[in-house]
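Here is a friendly walk through some charged side chains and their surroundings. Keep the viewer open as you read.

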Amino acid sequence: MSDDDDLFGGTGETRTRLPERGGADGYGPGRRPGRPGGRAPSRSLVTVVGVVVLLIAAIAFANRDNSSDDGGGGRGDGKGTEAAPTAPTGEKPVSGRNGGIPSGFAKSEQGVQSATANYAVALGSADMFDEEQRHRIVDTVYTPQAAATRRPGLDKVYNNKSFLNRIGLRDDGTAPSGTTFISRIIPVGTKVTKFDGNSATVEIWYSSLFGLAGEDTKNPVTESWFTNTYDMRWSGGDWKVADFKQQDGPVPVGRDQRASTADDMAKAVEEYGGFTYAR
């Protein structure tokens, strides 16, 4: 595996706790035109259908299985009946942080998946382009042995002026005036392929945003899709990364959507924070 692998970074069941949506979504679909040659459904019919849908949902909610104590209807080991897609599952998210990175993960399959997702976010962040922040991240997410081995190679890559200039950054790794540097990954799902208590192999599928938001930039923000495979070790009372490799995809078919302006993209990244990912 090359040092560059650290730059940008089955049936996944990673859950992300999202805020409640209280109100209409301004980006929802518009009203459908009437059927050619026919009449639109009457308002009373639409009302009846709506009531029936709500009634069915209420009955399903009242009869759901609440026998599990993990809050999601699934077993704590992640191998029981799958919970409803919108329900939080598994063990509670960690409350501890080490240098801003979540820490104190459970010594379980769920815990190692949570650790992998959060560490992948840190390793794929723009903070990796700042030497002080990079060292903090490396010392936090890697095992002590792996951190000592990888730190020099990472410094060599991230301090390479030719590489920095190629992606549109200055020699010191900062964004040119009038631009915002964006490097962020968004986990979609995780999968444990090996687990023996003190070590695990975890795959994480995610999308990546990378580039410069600015009017005159030659390196606009683009989206990519990758799957990383992490070798995780239980070290010092927490999960740590021993090694990982990256491969492209799976890549979904892109929708026909108009790209946002540079200002909108920069504003979005500045205003929308990331998540603590938990199973």
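In which helix does Asp-263 lie? Asp-263 belongs to helix α6, residues 262-271 (helices are DSSP runs of H or I with at least four residues, strands are runs of E with at least two, both numbered from the N terminus). This is a predicted model, in which local features need pLDDT of at least 70 and side-chain atom pairs count only at pLDDT 80 or more, while totals for chains, interfaces and linings use all residues. Residues are numbered from 1 along each chain as its sequence is written, and side-chain values use heavy atoms, with hydrogens and water left out.

Ala-262, Ala-266 and Val-269 are the buried residues of α6 (buried means under 20% relative accessible area, exposed over 50%, partly exposed in between, with a 1.4 Å probe and protein chains only). Looking down the axis of α6, these buried residues fall within an arc of 65 degrees, so they line one face of the helix (the arc is that of the directions from the helix axis to the C-beta atoms). Asp-263 and Glu-271 are exposed on the other side of α6; for Asp-263 the relative accessible area is 55%.

## A negative patch

Asp-263 also takes part in a negative surface patch, together with Glu-215, Asp-216 and Asp-264. Such patches are made of residues with over 30% relative accessible area and no salt bridge, like charges being joined within 9 Å. Asp and Glu count as negative, and the place of a charge is taken as CG of Asp or CD of Glu. The areas come from the Shrake-Rupley method with a 1.4 Å probe.

## Salt bridges

How many salt bridges are there? The count comes to five, where a salt bridge is a side-chain nitrogen of Lys or Arg within 4 Å of a carboxyl oxygen of Asp or Glu. In one of them, Asp-139 pairs with Arg-151, with the closest N and O atoms 2.3 Å apart. This pair links distant parts of the chain, from Asp-139 in helix α3 (residues 131-141) to Arg-151 in helix α4 (residues 144-158), 12 residues apart. Asp-139 is partly exposed at 43%, and Arg-151 is partly exposed at 24%.

Glu-203 and Lys-191 meet in a salt bridge as well, at 3.7 Å from N to O. Here Glu-203 in strand β4 (residues 199-213) is linked to Lys-191 in strand β3 (residues 180-195), 12 residues apart.

Methods:
Patch = residues over 30% accessible without salt bridge, like charges linked within 9 Å, V, L, I, M, F, W, Y side chains within 5 Å.
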